[in-house]
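Q: Can you walk me through this protein model? Keep it brisk, please.

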Amino acid sequence: MPADTAAEHRLVVTLSCANQPGIVHAITGCLLKLEGDITESQQFGSPDTGTFFMRVTFTSPYSRDEADPIFDQVREDFAMDLNVWDANGRTKTIIMCSKDGRTLNELLFQQRAGTLPIDVPVIVSNHLDLQPMAYFYDIPFVHIPLVKNADGTDNKADAEARLMQLVNEYNVELVVLARYMQILSDELVQKLEGKAINIHHSFLPSFKGAKPYHQAHARGVKLIGATAHYVTADLDEGPIIEQRVHRVNHGLTAGDFVDRGRSVEGATLAQAVQWHAEHRVLLDGRRTVIFE
């Protein structure tokens, strides 16, 4: 019996495994044991990888900790990657930034407005430019500068060690690169695999590298956009979570492209963070399955 039969808990189950008969039947059997009332259910069988994905939201008198062991036998029987989440939980998130604050502001504004289910215990930056914005939102700001020495050495390893110290100190579940203009080391990326989201100021895979908006302007494109993706060792090649575009025309300058692109970046990144925090994103190799 649940510890508190009077309480109603909102829970989310996400899972992936090799597609095979009996998966849905087994999951609903567990939900029956939990006296679960399903409020949302989505599933997808990938024809490319043969993987089955499912996300179920339900209410139950059982808490997350009480519900999780009920699925142990199903996990074993189907070799399943299955997680049980508290649907009312908030994802502890570190936001990293450099000098451009528009994307950071979008995240913090939506978080304060209640549309982003995240808690931000600290903002990290390699510059001091956005410290006033962090203080405006009453969030601690940690400056971790990256220094290049005359002999060609740098403090990148120490800086990344300091970041991981903060991740562990605050039990951080997600790191968001909100226009953080530094490349993370492969070692750090491996530690943050599946837990770091970046915004790329271009509609990938086109116009990579320096000044993508200027490249797009020079080519006379009619659409500009932004791409939010998980961070991997392959620069800007991680699984894509969300992409958005904005129409442009020949009458706009490269500066106009930049201004309009920034608003797209903020909305794209905020949507990706929201889906991740709501446990709507599942990885299918180099691709993502998004249960919107």
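Predicted model: local features only at pLDDT ≥ 70, side-chain atom pairs only at ≥ 80, totals over all residues.

Q: How many helices and strands does the protein have?
A: The protein has nine helices and 13 strands. Both are DSSP runs numbered from the N terminus: helices are H or I with at least four residues, strands are E with at least two.

Q: What is the radius of gyration of the protein?
A: It is 21 Å. A compact globule of 292 residues would be near 19 Å, so the two agree. The radius is taken over C-alpha atoms, and the globule rule is 2.2 Å times the number of residues to the power 0.38. Along the principal axes, the C-alpha atoms fill a box of roughly 65 × 40 × 40 Å.

Q: What share of the residues is buried?
A: 48% of the 292 residues. Buried means under 20% relative accessible area, exposed means over 50%, and partly exposed is in between (1.4 Å probe, protein chains only).

Q: And the accessible surface, what does that come to?
A: About 14700 Å², with 50% of that belonging to carbon and sulfur atoms. The areas come from the Shrake-Rupley method with a 1.4 Å probe; for residues, only the protein chains shown count as cover.

Q: Let's do helix 4. Which of its residues are buried?
A: T103, L104, L107, L108, Q110 and Q111. They cover an arc of only 165° around the axis, so they sit on the same side of helix 4. The arc is that of the directions from the helix axis to the C-beta atoms.

Q: What covers them?
A: The cover includes strand 5, strand 6, helix 5 (131-136), strand 8, strand 9 (196-200) and helix 9 (254-277). On the face turned away, F109 and A113 are exposed.

Q: How far apart are the ends of helix 4?
A: Its end C-alpha atoms are 16 Å apart, which agrees with the 16 Å that its 12 residues (102-113) should span. The expected span is 1.5 Å times one less than the number of residues. G114 follows helix 4 with a positive phi, near 95°.

Q: Now helix 6. Which residues are buried there?
A: A159, E160, L163, M164, L166 and V167. Down the axis of helix 6 they fall within an arc of 155°, so they line one face. A157, D158 and N168 are exposed on the other side.

Q: What do the buried ones pack against?
A: Strand 5 (91-97), strand 6 (118-125), strand 7 (141-143), strand 8 (174-177) and helix 7 (186-191).

Q: What is phi for N171?
A: Near 50°, a positive value in a residue other than glycine. N171 is in the loop between helix 6 and strand 8. It is exposed, with a relative accessible area of 55%.

Q: And D138?
A: D138 is not a glycine, yet has a positive phi of about 60°. It lies in the loop between helix 5 and strand 7, and is exposed at 66% relative accessible area.

Q: Back inside. What does T91 touch?
A: P117, I118, D119, E173, L174 and A277, not counting residues up to four places away in sequence. T91 lies in strand 5 and is buried, with a relative accessible area of 6%.

Q: Where is S16?
A: In strand 1 (residues 9-18). S16 is buried at 17% relative accessible area. Leaving aside neighbours within four places in sequence, S16 contacts T51, F52, F53, M80 and D81.

Note on methods
Residues numbered from 1 in each chain as written. Heavy atoms only, no water. Contact = heavy atoms within 4.5 Å.
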